[in-house]
Amino acid sequence: MALKNFLHKLTASVEELDQEQLREFCSSRPGVIAIERVVPREESTVVGEIASVRIVNKAGAPWLEVTISDGTGKLVAMWTGRRKIAGIKPGKRLVVSGRAAPTGPGGRLLIYNPRYELLL
């Protein structure tokens with residue numbers, strides 16, 4: 001078994017190994033579910049790594065949009081009226097809670113003004 005794991009680490013791409021490591025980290029947190037298992041319009045708590053951060057102008061006001069990945073899927077968190085939040089930047093890990101709604105052509109999950117906790 002150890003040889004199989006060793007060979008997998010030698011032959012897998014860096015991106016694949018990173019996703020596996022992220023999935024392991026996220027699944028080890030108590031009280032959270034995988035993004036792929038989030039049920040739309042139900043209260044959910046997920047943990048993941050910030051993949052991207054951008055500012056979107058809607059109706060003349062800034063909205064901070066953060067894409068979070070846990071290795072099983074992606075979720076977008078949006079804070080209205082914000083240009084930035086201290087500590088929120090790509091590569092950081094955080095826990096977010098709220099009601100996700102499917103939006104857009106791909107049905108991406110979006111949470112408006114979620115509760116969040118930055119992880120070290």
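Start by selecting tyrosine 116: with a relative accessibility of 36%, tyrosine 116 counts as partly exposed (buried is under 20% relative accessible area, exposed over 50%, and partly exposed in between, using a 1.4 Å probe and protein chains only). You are looking at a predicted model, where local features need pLDDT of at least 70, side-chain atom pairs count only at pLDDT 80 or more, and totals for chains, interfaces and linings use all residues. Residues are numbered from 1 along each chain as its sequence is written, and side-chain values use heavy atoms, with hydrogens and water left out.

**The aromatic pairs**

What is the angle between their planes? The planes sit at 80° and the ring centres are 5.5 Å apart, so this pair is edge-to-face. Rings of Phe, Tyr and Trp (its six-membered ring) pair if their centres lie within 6.5 Å; planes under 30 degrees apart are stacked, over 60 edge-to-face, and the rest tilted. Tryptophan 79 belongs to strand β3 (residues 74-80) and tyrosine 116 to strand β7, so the pair ties together parts 37 residues apart in sequence. Strands here are DSSP runs (E, at least two residues) and helices are too (H or I, at least four), numbered from the N terminus. Tryptophan 79 is buried, at 5% relative accessibility.

The structure holds 2 aromatic pairs. For the other, select tryptophan 63 and tyrosine 112, again edge-to-face, with 5.8 Å centre to centre and 85° between the planes. Tryptophan 63 is in strand β2 and tyrosine 112 in strand β6 (residues 108-112), 49 residues apart, so you will be linking distant parts of the chain. Is tyrosine 112 buried or partly exposed? Tyrosine 112 is partly exposed at 43% relative accessibility, while tryptophan 63 is buried, at 17%.

Before you leave tryptophan 63, show lysine 58: it lies over the face of that tryptophan, 5.0 Å from the ring centre. A charge sits over a ring if NZ of Lys or CZ of Arg is within 6 Å of the ring centre and within 35 degrees of the ring normal.

**Zooming out to the sheet**

Switch to a cartoon view. The chain has 2 helices and 7 strands, running α-α-β-β-β-β-β-β-β from the N terminus on. The strands make an open sheet of 7 in the order β5-β6-β3-β2-β1-β4-β7, with mixed pairing; two strands pair if DSSP finds at least two bridges between them. At the edges you will find β5 (101-103) and β7 (115-119), each pairing on one side only. From one strand to the next, the twist averages 40°.

Now colour helix α2 (residues 14-27). Helix α2 packs on the sheet and touches β1 (43-58), β2, β4 and β7, where contact means heavy atoms within 4.5 Å. Its direction makes about 120° with that of β1; axes are lines fitted to C-alpha atoms, for helices over the stretch in contact, and angles run from 0 to 180 degrees between N-to-C directions.

**Along β4**

Next, select β4 (residues 93-99). To one partner, β7, β4 is joined by 5 bridges, and the two run antiparallel. To β1 there are 7 bridges, also antiparallel. Why is β4 largely enclosed by the rest of the structure? Because 5 of its 7 residues are buried.

Click on arginine 93. Glutamate 49 stands opposite arginine 93, and in β7 the bridge partner of arginine 93 is leucine 119. Then step to leucine 94, which stands opposite leucine 118 in β7.

**Last stop: the two ends of β2**

Select serine 69, in strand β2 (residues 61-69). Serine 69 counts as buried at 9% relative accessibility. Leaving aside neighbours within four places in sequence, its contacts are Gln19, Leu22, Ile35, Gly48, Glu49 and Lys74. Its side chain also reaches the backbone nitrogen of glycine 71 at 3.4 Å.

Finish on alanine 61, also found in β2. Alanine 61 is partly exposed, at 27% relative accessibility.

Definitions and conventions
A polar contact is a pair of N or O atoms within 3.5 Å; within protein, one must be able to donate a hydrogen and the other to accept it, and residues adjacent in sequence count only if both atoms are side-chain atoms.
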